[in-house]
Amino acid sequence: MKKTIVPLMLATLLAGTVPAQAKEPTWITDKPLTLKIHLHARDKYVWDENLPMSKELFRLTNLQLVGTASKTATNSQEQFNLMMATGKLPDIVGGDSLKDNFIRYGMEGAFQPLNKLIDQHAPNLKAFFDSHPQVKRAITAPDGNIYFIPYVPDGKVSRGWWIRKDWLDKLGLKEPQTINELYTVLKAFREKDPNGNGKKNEVPFFDKEPERLYNLVNFYGCRATGSDASMDFYVDDNGKIRHPFAEPCFKDAIRNLAKWYAEGLIDAEIYTRKNRAREQLFSANQGGMTFDWFASTAGFNDSISKTVPGFKLVSIAPPADINGRRWLENSRADMRPDGWAMTITNKNPVETIKLFDFFFSRAGRNLQNFGVEGLTYDMKDGKPQFKESVLKNAKPVNNQLWEIGALLPIGYWMDYEYERQWTNPAALEGIDMYTKGNWFVPMFYGVNMKKEERAIYDQYWPDLQTYMSEMAQNWVLGTKSVDKTWDEYQARLKASGFQAVLSAMQTAYDRQYGKR
Amino acid sequence: MADIQTSVREPLGTRLRQGWQAALKDLRRDWLLYAMLAPTLIWFLVFLYMPLDGLQLAFKQYSAWKGIDGSPWVGFAHFVTLFQSEQFLRAVGNTLIISAYSIVLAFPVPILLALMINEVQSQRYRKAVQTIVYLPHFISVVIVAGIVVAFLSPTTGVVNNALEFLGLDRIYFLTRPEWFRSIFIGSNIWKEAGFDSIVFLAAIMSINPALYESAQVDGASRWQMMTRITLPCIVPTIAVLLVIRLGRVLEVGFEYIILLYQPSTFETADVISTYIYRQGLQGARYDLATAAGVFNAVVALVLVLVANRLSRRITRTGVF
């Protein structure tokens, strides 16, 4: 008797929290429906049904999502594993960096395949995948199914080259247009004391992520990475998977970087300075050039010019490489490994796929990108516009949106306009230049491997990657000679399963993206 | 005598019942003591014995969805992977070398420190010294790593400024494999020696003062008292701590290494725990990481057993 009463009471309690509301055209279901969601993202954000964004979602769709992830936990990956291990799955699971997990556990039967549901019930998703086939291929599992809906960023640009314009002016130099001019400029930064303190303490090139220094090999016509992550594989023009650090071209390029490093053109402390490199070197009036994100780097013009008179940082077009070509490996991905999936125990797949679809519709994108209408944004001429109070707030706009529960890494389509409205003018200038220049080379979105392929990759790749980064760093620092160790390096790669990793990935790539 | 004879001949059931009753009686009498023991026992059960079940992961292809019990067995496959990896073997070697150096170089320091502190006559001075040497222990390793990076910076670091002043070349210490062990062990000594000396100081305090008094009457010098009385009296403490230390020979402070190492210093800096961290946790390969952990535990157990036997033979004291 008691056993039946408790759930009944709970049900009435739950029903009591669901108020009857006015019907919206975006309603997914006529009867209010509650679904459970586990969403723990970036080690700190969880889905909270009491936040304005969740309430607005309920008002718009008549679907209430109730969060089940712990609000006090600080490791999203761990929370995901725990939730999976308990075997008690909620209706929806979401978060960042879960692509491989969604695919792996999807094939093991924890998540529902979505292909049919998308075809039948999700017009927006279907249209999106039709116009973005590369995204569809990137998320398709080896068994041909789609198990999750990804977070799709918008906009083209991620990082760019930044240089001290006031130093250039002082030394009577122009913005470098080629690799040779770039070398001259960095050399002058080092030798001619642009900060005027009488000491040779200028740091011509530096970066807050040490691995970004390898991007300089682009100027010697070589690849440094295949995606916005560092040291990633890339796909050549013939559809073959390669690793930049194993290419013959890399030998000459890294020898040149070692020369730059020895001449003091690259930050001597690049491997240990890390996160606060820009703050340190710009405020000490020592840093000359860096490769970094637009919005945050442009911001130094405002914060540093108070302490360093005349400080002017501008973005420049990528100088042409030794073959006279301007190009850039880093752009904004069309897809992130974040998103959400519906579990095998979800009893309302149709409503759930409609919810996933909602975030690819205009109304859903506005909600996720701009927050709640009337609270954070207003409609102007049919377009969402952030309120003045939001734009003028001392807190960055994205932080304000996180606080109301928007922008969480669920499966949604970003609207670049959201970012544009609060990007400062100096950054916008650079972004527009890079977008117009369109110097980007295609990105590699990774492959979804079968169990056997994954086993080979897992067995060899971590060691290989460690070895590659070890050698590259030794070459740049000059502790090992490129010429003396290159053959040994290639032999060791060969002996440690490098070819096996490449061919496992190639098989997966051909299956997923089609053989060329 | 006759009583015992009869009780031995009692049937098993009776004897069990008697034993049980004796235990109950014991429990009733000393229940307070047992109650105080309980939290520790529970802690051991929950945090050390129950997780033992998870060790089977080392022999399984782990899937969080299938769970520990549902994941398929793979035998020794993970161990084969580990021992085929040159980097794992290198990590094992590095761990042993760093540990051996730490034991040889860092283990005696707190003992020396305790002896020296013990000889200080002025109470005030002694308190001040103790506070100063204990302090670094309470600084987080993250801060210590930051201090080390700043001190050793090739452009602005104190150490390099001193080198240049002496007419020597500047060195980018943290990227040089040959410097890593010295930096790691040296800064560890600075951080922990003071705090570790507390145990030895306590052992010195518990030495019977009568020994010193009679030695003084016999005209012994302070040096003689230290080498003939103080040191021999704390040898058992030293032995026990050394055995415990040997048991942790494969546990090298992993957060601290992560904060200080670089790909270019992996050659000397990469230890088992950092290897597990990179392969197991960053790559979410819990099964492989567990296998490495099991290997770690087995080696540690063997070392403790050997060290304990040696200690019993040489000093007649041991942990067990």
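Me: Which residue in β12(A) does Gly94(A) stand opposite?
Reply: Gly94(A) faces Trp340(A). Keep in mind that this is a predicted model.

Me: How do β4 and β12(A) pair, parallel or antiparallel?
Reply: Antiparallel, over four bridges. Strand β4 of chain A covers residues 92-95, and β12 covers residues 336-342.

Me: And what is the bridge partner of Ile149(A) in β12(A)?
Reply: Trp340(A) again: the bridge partner of Ile149(A) is that residue, and Gly94(A) stands opposite it too. Strand β5 of chain A, residues 149-151, is joined to β12(A) by three bridges, and the two run antiparallel.

Me: How many of the seven residues of β12 are buried?
Reply: Five, which leaves the strand mostly covered.

Me: Switching to chain B. How many helices and strands there?
Reply: Chain B has 17 helices and zero strands.

Me: What's its radius of gyration, next to that of a compact globule?
Reply: Chain B has 26 Å, whereas a compact globule of 320 residues would be near 20 Å. The C-alpha trace of chain B spans about 90 × 75 × 35 Å along its principal axes.

Me: What share of chain B is buried?
Reply: 37% of its 320 residues. The accessible surface of chain B is about 18,900 Å², with 68% belonging to carbon and sulfur atoms.

Me: Last one, charges. How many positive and negative side chains in chain B?
Reply: There are 26 positive and 20 negative ones in chain B, and the centres of the two sets are 6 Å apart.

Methods
Residues are numbered from 1 along each chain as its sequence is written. Chains are lettered from A and ligands numbered from 1 in the order in which they are written. This is a predicted model: local features need pLDDT of at least 70, side-chain atom pairs count only at pLDDT 80 or more; totals for chains, interfaces and linings use all residues. Side-chain values use heavy atoms; hydrogens and water are left out. Buried means under 20% relative accessible area, exposed over 50%, partly exposed in between (1.4 Å probe, protein chains only). Two strands pair if DSSP finds at least two bridges between them. The radius of gyration is taken over C-alpha atoms; the globule rule is 2.2 Å times the number of residues to the power 0.38. Accessible areas come from the Shrake-Rupley method with a 1.4 Å probe; for residues, only the protein chains shown count as cover. Lys and Arg count as positive and Asp and Glu as negative; His and the chain ends are not counted. The place of a charge is taken as NZ of Lys, CZ of Arg, CG of Asp or CD of Glu.
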